[in-house]
Every structure is written in structure tokens, then in C-alpha cells.
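Please look at the sequence and the model before reading on.

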Amino acid sequence: MDETEFWELVDDAREAAEGDPEEQADLLVDRLAQLDPDSVLDFARHFESRYNRAYRWDLWGAAWVLLDGASDDAFDFFRCWLIGQGREVFEGALHDPDALADLLGDFDEETDGDGEELGYAADEAYEQLTGLVAPDLELPPAPAEPDGTPLDFENGRLLAERYPRLWERFRG
């Protein structure tokens, strides 16, 4: 599975789920379970590598503003959700986290921003196909700390300066 196929699966499931992250995860499991086990592992590798790329302080700060706070777990689930938003939103957010203010359409704090189930979709599909737990993906280990310079998430003034568009849209 190449990168284009990965993003097509993500996009098709999101569109069919009409943006509901839990429904998107269920649809993704169904679609992945129609593939061969090696393709499911390829999907998992694509997902995991993007998940690790998004482990950055500047993106965590954007998630903090967007979600009005983001614990370690909330940021993990946010990164899964961000991948679920598709290539344009994901890559745009990595390029400029404040651009999420413009990249995101409607945003419901009750359901959006939490894609925990998306992170398990490939594992569930692999287990359905094989009856086995997915093997190690043989990727480099996840970073111990987010990339970049730590931010003081409790400093609203700093966050407003760093993420002016997100702050205006979601906290203003």
C-alpha cells in the first residue's frame, strides 16, 4: 500500500462517516478487513509514522488552544483524529499548526479532536483477518519527548500570540 492508497482509505471512511470519528474508525476497520493482512500492516505503518511525526510541541500547543486543554492522552487522541482529517489538513497542520483555524470546517468540541478509535483500526482489522495480534511494525521507536521547544500551555497570552488565528476562532 502506498501513501496515496493510505490517504484514500482515510478520506473515504471520513466522508462516509460524515466526519464522525468513531463511525470513521468502524468504517475503516470494515474496509481494511477486506484487504490482505500485509496491506493492513502497511496501512498501520503509514498511520504510525504520521502519528509519530505529529508528536511536536507546536502541534500540542495548537491542540491545547483548539480543545481548551490537552493532556498527554488527549494529545495522543488528537493526533489520531488529525490523521483522520486527511492529507491536506494533516500536512497543513504540520507545516503551520495555527493554520488549523482555516483548515477545519465545523468543529464540535464534544466529538471532534478525539480519534482514539482510529488508532486501533488497523489492529482490529488485522485481528479479524488473521485471529492474531498484529506483529511489531518494525518502525523506529516513537520519540520519548515531543519534537521542538516546550511551551507553557497555561500561559494564555503566549498561546494567543503563538496561535492568533486559532485563539481568535476558538478562544476569542
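In α1, the residues Glu3, Phe6, Trp7, Leu9 and Val10 meet Phe43, His46, Phe47 and Arg50 of α3. Sorted by class, this contact of α1 with α3 has six nonpolar residues, one polar residue and two charged residues. The model is a predicted one.

Two packed helices are described by the angle between their axes and the distance between those axes.

| Helix pair | Angle between axes | Distance between axes |
|---|---|---|
| α1 (residues 3-16) and α3 | roughly 85° | within 10 Å |
| α3 (residues 37-53) and α5 (residues 72-84) | about 125° | 9 Å |
| α4 (residues 57-67) and α10 (residues 164-171) | roughly 20° | within 8 Å |

Helices α3 and α5 pack at an angle of about 125°. That makes α3 oblique to α5. The crossing in which α3 passes α5 is right-handed. On the α3 side, Phe47, Arg50, Tyr51 and Asn52 take part, and they meet Asp76, Arg79, Cys80 and Ile83 of α5. The residues of this contact comprise four nonpolar, one polar and three charged.

Ala62, Val65, Leu66 and Leu67 of α4 make the contact with Leu166, Trp167, Phe170 and Arg171 of α10. By class, the contact of α4 with α10 has seven nonpolar residues, no polar residues and one charged residue.

The remaining topic is open space. Rolling a probe the size of a water molecule over the atoms shows where empty space is left. How much space lies in the largest pocket? The volume is about 360 Å³. The lining of the largest pocket has 18 residues, and Phe47, Glu48, Gly119, Tyr120 and Asp123 lie nearest its centre. The elements that give two or more residues to this lining are α3, α5 and α8 (121-130). Which element gives the largest share of the lining? That share comes from α3, with five residues. By class, the lining divides into 13 nonpolar, one polar and four charged residues.

Terms used:
Residues are numbered from 1 along each chain as its sequence is written. This is a predicted model: local features need pLDDT of at least 70, side-chain atom pairs count only at pLDDT 80 or more; totals for chains, interfaces and linings use all residues. Side-chain values use heavy atoms; hydrogens and water are left out. Axes are lines fitted to C-alpha atoms, for helices over the stretch in contact, and angles run from 0 to 180 degrees between N-to-C directions. Helices (H or I, at least four residues) and strands (E, at least two) are DSSP runs, numbered from the N terminus. Angles under 35 degrees count as roughly parallel, over 145 as roughly antiparallel, 65 to 115 as roughly perpendicular and the rest as oblique. A crossing is left-handed if the near helix is turned anticlockwise from the far one by less than a right angle, and right-handed if clockwise. Contact means heavy atoms within 4.5 Å. Ala, Val, Leu, Ile, Met, Phe, Trp, Tyr, Cys and Pro count as nonpolar, Asp, Glu, Lys and Arg as charged, and the others, Gly among them, as polar. On a 1 Å grid over the protein atoms alone, a cavity is a set of points where a 1.4 Å probe fits but cannot get out, and a pocket is an open set with protein on both sides within 12 Å along at least five of seven lines; lining residues have an atom within 4 Å of a point. Grid points are joined across faces, edges and corners, and a volume is the space filled by probe spheres set on the points.
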